[in-house]
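Student: Could you help me learn to read a structure like this one? I would like to go feature by feature.

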Amino acid sequence: MPKVSSLKYYAVAKGEKTGIFLSFKEYEKYVKDRYCKRNRLSNAIGGIGVFFEDNDIRNLSERLPGEHQTNNRAEIYAAIRALEICNKKENLIINTNSNYVIISRDVKKPKTNFDLINRFNDLIKKCEEKTYLKHVKGHSGIYRNKQTDKLAYLGSKKPEFTRT
């Protein structure tokens, strides 16, 4: 652990993202989100979105796979997809409006959604640098969060995902 006096950081007091970051590059990595119509009902439909920036080819919009469709599963799956497409050799910040994602980190024996939570934590362990989970307020007009919400909604409109 480095001495506190030797740490270098980038502090943001005003703007779209506030907080303290280890570098400017780390300041803005991405935002992820989910959408689940008729949450917890047998006919629920979930979608996920990952947004980096406008016109970034890594932005994605997907239907939540599987029969069990809930907001929490969509939130974790969106974080998984974000981790899968990011550079594992850089510090990562996952901005999320889901406390569920944040409290799922380092859970050893999850009682629900164990398949996704275990995958999520395995991917974090494979990152060569640090992975940070940062809570952002949902539906509060944050541009990147709004874009991610749109991608998640569009993902829910896609055909059901099936593996062959």
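Tutor: Let's talk through confidence, fold order and the core.

Tutor: This is a predicted model, in which local features need pLDDT of at least 70, side-chain atom pairs count only at pLDDT 80 or more, and totals for chains, interfaces and linings use all residues. Residues are numbered from 1 along each chain as its sequence is written, and side-chain values use heavy atoms, with hydrogens and water left out.

Student: What is the mean pLDDT of the protein chain?

Tutor: pLDDT is the predictor's confidence in each residue, from 0 to 100. Here the protein chain has a mean of 79, with 73% of its residues at 70 or more. Confidence is lowest in helix α1 (residues 24–27), with a mean of 47, and highest in helix α4 (residues 114–126), at 95. Residues 1–7 have pLDDT below 50, and beyond near neighbours in sequence this stretch makes one contact in the model (heavy atoms within 4.5 Å).

Student: How many helices and strands are there in the protein chain?

Tutor: Helices (H or I, at least four residues) and strands (E, at least two) are DSSP runs, numbered from the N terminus. The protein chain has five helices and seven strands, in the order β-β-α-β-β-β-α-β-α-α-β-α from the N terminus on.

Student: Which residues touch the most other members of the largest nonpolar core?

Tutor: In soluble globular proteins, nonpolar side chains tend to be buried together. A nonpolar core is a set of buried Ala, Val, Leu, Ile, Met, Phe, Trp, Tyr and Cys residues joined through side-chain atoms within 4.5 Å; buried means under 20% relative accessible area (1.4 Å probe, protein chains only). In the largest core, of 25 residues, Ile-48, Val-50, Ile-76, Ile-80, Leu-83 and Phe-120 touch the most other members. Its largest share, eight residues, comes from α2.

Notes. Buried < 20%, exposed > 50% of the residue type's maximum accessible area, 1.4 Å probe, protein only.
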